[in-house]
Amino acid sequence: MQQSDPHITLITPDAPMSAATHGGRAKCLQRLVRLDLPVPKTVALSFDAVHGLAAGDVPDMTSVLAAFSESQLLCVRPSSEDPDWGGPGAILNIGMNDMRLSELSDSIGAEAATKLYLKFIQSYSIHVARLDPDIFDDLDSGAPDAVSDFLAAYEDEAEEAFPQDLDTQLAGVLRSMARAWEGTTARLLRQAKGAPADAGLGLVIQAMALGVGRGESGSGVLQLVNSDTGLRQFTGRYLSQSQGRDALQTGAAALFLQKDDRGPSLEEKAPAAFAQLTEHAALMRRKLREEMQCEFTLENGEICILDGVRVQRSARAAVRIAVSLAEDKIIPREEAVMRIEPRALNELLHRQVDPEAERDVVGTGIGASPGAATGKIVFTAAEAQASAARGEACVLVRRETNPEDIRGMHAASAALTERGGMTSHAAVIGRGLGLPCVVGATSMRFQTRKKRIVAADGRIFKEGDVITVDGTNGQILGGEPRMLEAALDDSFQTLMDWADESRDIGVRANADTPADARTALAFQAEGIGLCRTEHMFFEADQLIAMREVIFANGPEDRSVALQALLPMQRDMFVELFELMAGRPLCIRLFDPPLHEFLPTDRSGLRDLAEALNLPLSDVTRRVEALVEYNPMLGMRGVRLGITVPEILDMQARAIFEATLDSCGENDPVVPEIMIPLVSAKREVELVKTRIDAIAAAVKTERGREFEYRLGVMVETPRAALRAEDIAPHCEFFSFGTNDLTQMTYGLSRDDAGRFMSPYVQQGVFPEDPFHTLDQEGVGELLRLGAERGRRAQPNLTLSVCGEHGGSPESIAFCREIGLDYVSCSPFRVPVARLAAAQLAISDKLQ
Ligand code: PEP
Ligand code: MG
């Protein structure tokens with residue numbers, strides 16, 4: 001019978017069946033049957049059969065119905081390959097007709113039987129005959145003639161009698177569900193959930209377990225964990241005399257499952273059934289190796305298990321569930337690690353808008369730093385600091401941020417900019433601080449002089465108005481939606497420890513300050529892969545000294561001015577070395593163009609003239625002389641190190657003195673010093689000579705030895721191409737993929753946000769290359785650079801320290817080309833650790 005047609009399969013323990021041919025629900029039901037659970041008889045239709053149905057080929061109904069007795073009521077449920085892709089709603093009580101009504105009235109009572117019939121007439125009318133639901137609005141389901149009234153309403157509207165015959169009813173239900181799946185809206189909805197365009201649908205036809213009748217009858221839904229937290233907790237409800245998921249409807253007089261102070265429970269009402277149900281649920285967890293939600297009925301006290309689906313879960317619950325399954329030895333640890341989507345960790349690492357909360361979206365942009373925060377709008381860094389001093393949360397709104405805004409960003413709860421992309425200043429600093437940040441919010445108008453922003457729908461938000469920045473998905477929301485707190489609990493730590501057991505590529509953090517380093521250590525980074533030293537110079541006391549350096553008359557004067565900075569730098573390095581306690585610390589020498597340290601407006605220039613005791617005209621002239629047409633391609637990085645070498649000298653001395661100050665007798669500190677923006681071998685030779693000389697001087701002065709490692713930041717295309725020349729002069733390369741992407745594409749990292757969305761939407765770029773490493777272009781330079789570098793210097797340590805270091809796809813590429821480690825913002829370290837572990841585990845499994 002059924003088993004002879006591969007597309008119509010009675011679910012038995014050994015019927016040939018898979019999620020890929022009959023869908024996840026059918027497969028799961030087969031597993032429940034194998035566990036000998038009380039599952040009503042079920043027949044599964046394959047994807048092919050359902051596809052044929054949509055095109056008008058009705059399957060052989062005799063085969064479909066052969067497994068069921070003639071008087072059996074049936075239900076049909078969807079069975080897509082991945083249950084998360086959804087499908088049309090279940091239709092229950094198929095087979096109800098005038099004759100069944102009278103039979104059932106005898107067995108379960110007239111009232112209950114009538115209720116089933118009326119429910120079926122309604123759902124058949126709406127979902128199969130596609131009639132308007134309001135044709136039943138004026139009818140009274142409690143009236144003595146309710147059934148004939150409902151049937152008449154159907155007949156009036158459908159212009160035919162309500163079908164009495166099971167074959168016709170079932171064929172109609174199957175066809176309508178098959179067609180609903182193939183409709184455009186359903187297709188788009190499931191594609192949004194990751195389903196392929198041609199995803200198939202199976203259908204399962206199951207004998208109804210009524211849930212209504214004499215004795216204790218009803219239906220319910222049970223799971224053993226809380227979907228938000230993943231903690232063990234009986235969750236679900238049971239409702240007497242009900243079907244399907246009625247028990248979960250709000251307002252239903254449903255019972256708790258387990259004894260509960262809040263009201264009566266199934267455990268008290270039907271203790272034996274409850275105990276049996278609990279056992280079944282525990283068996284499902286153990287054998288299906290997953291937290292399952294099970295749909296059940298009670299019929300005269302007897303349990304039936306109708307269905308099992310994976311428990312819906314928040315990211316936080318997903319971690320706890322995976323860890324507890326592994327701790328209970330139900331799945332191996334490696335599988336627990338594989339079960340968590342690395343990016344989902346962002347939901348744990350940051351506060352989030354509650355997915356259930358209402359969102360008043362007033363603008364969108366690029367979600368540059370995940371998490372969400374609410375605050376009053378402020379338009380300057382100074383206002384942000386004042387707001388923080390008053391203890392008021394604020395959102396710093398700027399056209400774009402620059403280094404002078406750093407303190408404002410520290411003070412703010414979130415940042416929002418009109419311009420910028422994934423690697424613009426606000427984005428990089430936001431990620432470093434774990435500060436929610438949306439950049440490139442071009443859907444809003446920024447009228448910063450008028451101190452207001454205008455939403456796409458014309459609403460105006462002024463200084464002091466409350467908004468929420470959702471950096472996870474790039475939205476700006478009006479007001480303060482409900483939030484979920486970050487949740488770095490014990491399960492998270494356990495999962496990360498297990499990930500590290502498998503991981504085979506290093507993960508360091510980009511950290512500029514002791515505060516960043518503490519965060520990096522909390523997330524168990526193996527070291528610091530990039531310490532951008534210039535950020536120190538923006539601290540108030542260092543900024544003044546730095547400006548004096550810029551305004552010095554000649555090298556000698558400059559060296560004197562730099563003396564003020566030396567102890568500050570050294571103290572900072574000592575603090576960092578001590579915090580890192582022997583873990584590697586890679587310090588990048590001064591990188592930005594000097595003008596970034598100078599004021600841009602008139603009052604700033606006046607203050608500067610006053611501080612330096614110089615005429616305003618002098619100061620203005622000197623500032624103007626430093627202006628470059630293309631500062632990112634100008635006097636910065638190693639170019640500054642060669643033309644104004646005193647800064648580099650001071651930094652090298654600060655690093656070496658700090659090295660000696662921090663290392664004990666038996667635990668030497670070995671600093672890594674990195675030269676930015678190199679494009680030619682000679683640059684490295686010149687800088688190396690200077691640094692070696694300073695190292696020798698410090699050794700002599702202190703009478704103590706130390707070692708250091710010199711490396712090059714490969715962030716110009718030429719450095720990657722000429723890696724073979726450069727590598728012999730250094731011990732490591734770190735690919736600066738932010739600048740390398742900028743220079744490979746000839747695309748400004750600060751302005752790309754303006755047109756990135758249309759570019760990605762129209763498929764010019766598959767992704768924002770500042771976000772996801774462009775493996776074809778920039779990646780080729782990385783591959784070449786790595787190969788050529790190692791050819792000349794086999795022991796060369798290789799890494800990536802651009803923002804891509806934290807993206808799972810980019811990490812896969814870095815691993816493939818043999819890099820030793822990736823370095824990313826501290827808050828991305830856990831994502832990187834998990835993604836890297838999954839790559840190693842997948843390789844092992846292949
Ligand atoms: C880079 O260019 O990739 C990099 C890490 O340096 P920065 O972002 O400071 O230019
Ligand atoms: Mg760079």
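Which strands close into a barrel, and in what order? The order is β23-β24-β25-β26-β27-β28-β29-β30, eight strands with parallel pairing. The legends below describe close-up views of this predicted model, in which local features need pLDDT of at least 70 and side-chain atom pairs count only at pLDDT 80 or more, while totals for chains, interfaces and linings use all residues. Residues are numbered from 1 along each chain as its sequence is written, chains are lettered from A and ligands numbered from 1 in the order in which they are written, and side-chain values use heavy atoms, with hydrogens and water left out.

View 1. Strand β23 (residues 506-510) runs parallel to strand β30 (residues 821-824), and four bridges join them. Two strands count as paired if DSSP finds at least two bridges between them. Helices (H or I, at least four residues) and strands (E, at least two) are DSSP runs, numbered from the N terminus. Val507 stands opposite Val822 in β30.

View 2. Helix α33 (residues 829-845) lies across β23 and β30, at about 165° to β23. Helix α21 (residues 554-580) lies across β24 (528-532) and β25 (585-588), and runs at about 155° to β25. Axes are lines fitted to C-alpha atoms, for helices over the stretch in contact, and angles run from 0 to 180 degrees between N-to-C directions. Contact means heavy atoms within 4.5 Å.

**View 3. Packing of α19 on α21.** The axes of helix α19 (residues 514-522) and α21 are 10 Å apart and meet at an angle of about 10°. Pro514, Ala517, Arg518 and Leu521 in α19 meet Met572, Glu575, Leu576, Leu579 and Met580 in α21.

View 4. Glu715 is in the loop between β27 (709-714) and α27 (717-721) and Asp739 is in helix α29 (residues 737-745), so the pair ties together parts that are 24 residues apart in sequence. Buried means under 20% relative accessible area, exposed over 50%, and partly exposed in between (1.4 Å probe, protein chains only).

**View 5. Leu721 in helix α27.** Leu721 is found in helix α27 and is partly exposed, with a relative accessible area of 36%. Not counting residues up to four places away in sequence, Leu721 touches Leu781, Leu784 and Arg788.

**View 6. Strand β6 and its partners.** Eight of the eight residues of β6 (residues 218-225) are buried. Seven bridges join β6 to strand β7 (residues 232-240), and the two run antiparallel. Gln223 stands opposite Thr235 in β7. β6 and β7 form a hairpin with six residues between them, and Gly230 in the turn has a positive phi of about 80°. β6 also pairs with strand β8 (residues 292-299) in the antiparallel sense, over five bridges. Ser219 stands opposite Thr297 in β8.
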